[in-house]
Amino acid sequence: MGHPQEVDVIVAGGGPAGCVVAGRLAYADPNLKVMLIEGGANNRDDPWVYRPGIFVRNMQRDGINDKATFYTDTKASSYMRGREEHCSVSRTLSISQGDREAELNEPLRCANILGGGSSINFQMYTRASASDWDDFKTPGWTAKDLLPLMKRLENYQKPTNNDTHGYDGPIAISNGGTITALGSAFILSSDTNVYTDFVSSAAHDFLRASDSIGIPFSDDIQGKLELCLKLGQHSFLLDLDTSHASEIWAKYINRHTGRRSDAATAYVHSVMDVQNNLFLRTNSRVSRVIFEGNKAVGVAYVPARNRAHQGQTLETIVKARKCVVLSSGTLGTPQILERSGVGSAELLKKLDIKVVSDLPGVGEQYQDHYTTLSIYRVSNESQTLDDFLRGDKEVQKELFQEWEVSPEKARLSSNAIDAGFKIRPTEAELKEMGPEFNKLWDTYFKDKPDKPVMFGSIVSAAYADHSLLPPGKYITMFQYLEYPASRGKIHIQSANPYVEPDFDSGFMNDKADFAPIRWSYKKTREVARRMDAFRGELTSHHPRFHPASPAAAKDIDIQTAKGILPERVHCRHSHGMLRGTWHAPGEPYNAAKVHEDIKYTEEDDKAIDDWIADHVETTWHSLGTCAMKPREEGGVVDGRLNVFGTENLKCVDLSICPDNLGTNTYSSALLVGEKGASLLAEDLGLKIKTPHAPVPHAPVPKGMPATQQVR
Ligand SMILES: Cc1cc2nc3c(=O)[nH]c(=O)nc-3n(C[C@H](O)[C@H](O)[C@H](O)COP(=O)(O)OP(=O)(O)OC[C@H]3O[C@@H](n4cnc5c(N)ncnc54)[C@H](O)[C@@H]3O)c2cc1C
């Protein structure tokens, strides 16, 4: 079918928010012509997208993978020991302490494929705290206002005891088909409505260890919202421990199909299968919005790669009769605005771009969550994904074949991230966290007990390049800072859409951000040490403590090491380990041991801070560059997501968040999309249809299983 040169609504950018807007509007009115223009490739039925277990591959920068865009951070941070660029998880994980030089050249990446982050992300499901939305201070955006939309998007497939989840929405949420286990693997039954509550021994091990250091188990941290709304006061939540608790993590995986639940399949392919009014253009980068006066009347787009004769820029123009929606993500949307004449007048004049609306807030206040990862050795009997990631051909064949036979039960229908927690410090811990963080605590966290400070998860594998790791089994403690005080920015350097922007991630440029990450490193380490499977620390992936410090990381114990390579030939030392390396063997495992917390000196704390500075990196939870707040405070959009000083132009993606959200952000991007779709439907006199069009491959939800009913 040919594509029209004029439609009613253009959506620029096919990430989660853009897919929701395009799909919901097109389904609401089959006569409304909607065009979705995406810079990356189509994700439809791409096995590298829909098989959940191989998600790490989609972050590689190897010349083959084109599912991610790479942004280079251009500013040095004095707090990061002169680091000019921060890097991706896959790279950081792969390096040892000595490889810092190589690490410095790795850029930040974000999605470049239809579905945006939802096609390549880790599939971890969490939700923001109620106070996060209330803090937007915008009518129509309180947690109470948004709760019906949170439910509208979900096909929740886990048991629940609260009324905050939805059951006939397009986005599936479950524990995945199989939960990777340390010690054993459990399979969820998909042909019965009775939910089988299998949880891996790794997850249990982690949860027990967390409980033993004062992080209690909760059956649904993400449901805390309801309590908040019912009680009408956030302070109650502290007593209920919901912002300081652990749980079995849910995943964006449909347990009936074993497939990733990405936004394009859920909202766009579903509509394109049954209607013909949704037009999709992929591999097309929107360069600018076309204005008549200050009214948006269309967009210009260029091929994703500039391969034209003599580097000419080939623009195609599509007209929009009713509205243009920018949904190109936190790093993409502000660039389109600036190229279109919406941004700081000073910058635009310098670049010879005609000013349509002077909005100095465009591209400012860039935020993310800051990740650090520490890796631990686990027992040789543990079942982890390491052999698969290491490239063991037999194991890979077995896992891929398993998928072909029964994807809904296959080990690849999991992300191997089964449990985690959100935590807040105690009064005693706060005292050790220094004046900078305490000041932030008093103004930001103290009166918002539903806001966690840190997020932590267990991954049943080393998140690392295994070619650089010793053989063996691993777990990774994956932690991130939920509400960094640091801020960055992104601005164009040219009107040419192929020229890289000037990007300053701002990582760790506020000193207050060090203390909570340091505190959480200690916490996750205490959890790991108390797990039954624990057999030591992968010293290359821990702070460089003084070798004589009691806090110094200790590697695998000799007995476990011998079990990994029983046929090895000994070198030099009777215990088979080489001196002169950073590896120090740990104590033999003792199941009966009662642990004491490691005591850290000031020098140890300094070593942790250096490690943070050298290794902290993105969680790909970018937000905030086109904030919804008053124009005079640097705002870019109003409460209806209209861009100030323009007509018929909205931004609908996570760039609109005026402040951070304490969550993995896919749920929030979908929610912003749902809210944007509702606002647009109101503008256009339409009604959103529920349930949405049937999701390809997914059986239609048959109502709520007994175990999911509110008790
Ligand atoms: C590697 C990774 C792991 C993550 N893990 C998780 C997780 O486990 N759980 C979770 O909840 N969240 C996770 N996230 C975050 C989550 O996916 C994002 O918050 C979410 O996708 C943001 O949605 P968005 O619609 O705002 O923008 P994006 O997802 O960034 O989508 C923007 C889209 O616009 C396109 N685009 C950009 N510029 C242009 C242009 N000029 N013209 C046309 N198209 C353009 C891009 O290709 C992209 O498809 C992860 C993200 C990544 C990248």
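Q: Is V286 buried or exposed?
A: Buried. In this predicted model, V286 has 29 C-beta neighbours inside 10 Å, so V286 counts as buried.

Q: Which strand does V286 lie in?
A: V286 is part of β13, the strand covering residues 284-292.

Q: And what is V286 in contact with, leaving aside neighbours within four places in sequence?
A: The contacts of V286 beyond those sequence neighbours are A12, I37, V299, Y301, S328 and I336.

Q: Which residues does the UniProt "binding site" annotation cover?
A: V286, W620 and H621, according to the UniProt record, which is an unreviewed entry.

Q: OK, H621 then. Where does H621 lie?
A: H621 sits in a loop, the one between β27 (617-618) and β28 (649-651).

Q: Buried or exposed, that H621?
A: H621 counts as buried because 25 C-beta neighbours fall inside 10 Å. Setting aside residues within four places in sequence, H621 is in contact with D368, H369, N664 and T665.

Q: Let's go to the ligand. How many residues surround the ligand, and which are the closest?
A: There are 40 residues surrounding the ligand, and the closest are G15, G116, G117, G329 and G332.

Q: Which elements each supply at least two residues of that shell?
A: The helices are α1 (16-28), α5 (117-120), α12 (329-339) and α21 (666-684), and the strands are β4 (108-111) and β13.

Q: How do the shell residues divide into nonpolar, polar and charged?
A: The shell around the ligand has 17 nonpolar, 20 polar and three charged residues.

Q: Tell me about α12. How many of its residues are buried?
A: Eleven of eleven, so α12 is mostly covered. Among the buried residues of α12 are G329, G332, I336 and R339. G329 and G332 also belong to the closest residues around the ligand, and I336 is one of the contacts of V286.

Q: Where does UniProt place the "Glucose-methanol-choline oxidoreductase N-terminal" domain?
A: The unreviewed UniProt entry places that domain feature at residues 111-134 and 329-343. Residues 111-134 are 38% helix and 12% strand, and the end C-alpha atoms are 28 Å apart. Residues 329-343 are 73% helix and 13% strand, with 16 Å between the end C-alpha atoms.

Q: Which residues does a cis peptide bond join?
A: T690 and P691 are joined by a cis peptide bond, with omega at about -10°. P691 is in the segment after α21.

Q: Switching to helix packing: at what angle do α18 and α20 cross?
A: The axes of α18 (residues 514-529) and α20 (residues 602-615) come within 10 Å and cross at roughly 110°. That makes α18 roughly perpendicular to α20.

Q: Which residues make the contact?
A: From α18 there are F514, I517, R518 and Y521, and from α20 there are D605, I608, D609 and I612. By class, that contact has five nonpolar, no polar and three charged residues.

Q: Back to α1. What is A26 in contact with, leaving aside neighbours within four places in sequence?
A: A26 is found in helix α1, and its contacts beyond those sequence neighbours are L32, V34, V271, Q275, N277 and L278. With 27 C-beta neighbours inside 10 Å, A26 counts as buried.

Methods
Residues are numbered from 1 along each chain as its sequence is written. This is a predicted model: local features need pLDDT of at least 70, side-chain atom pairs count only at pLDDT 80 or more; totals for chains, interfaces and linings use all residues. Axes are lines fitted to C-alpha atoms, for helices over the stretch in contact, and angles run from 0 to 180 degrees between N-to-C directions. Helices (H or I, at least four residues) and strands (E, at least two) are DSSP runs, numbered from the N terminus. Angles under 35 degrees count as roughly parallel, over 145 as roughly antiparallel, 65 to 115 as roughly perpendicular and the rest as oblique. Two residues are in contact if their C-beta atoms, placed from the backbone, lie within 7 Å. Ala, Val, Leu, Ile, Met, Phe, Trp, Tyr, Cys and Pro count as nonpolar, Asp, Glu, Lys and Arg as charged, and the others, Gly among them, as polar. UniProt positions are given in the numbering used here, feature names are shortened, and annotations may be inferred rather than shown by experiment. A residue is buried if 20 or more other C-beta atoms lie within 10 Å of its own, exposed if 12 or fewer, and partly exposed in between; C-beta atoms are placed from the backbone. A residue is near a molecule or strand if its C-beta atom, placed from the backbone, lies within 6 Å of it.
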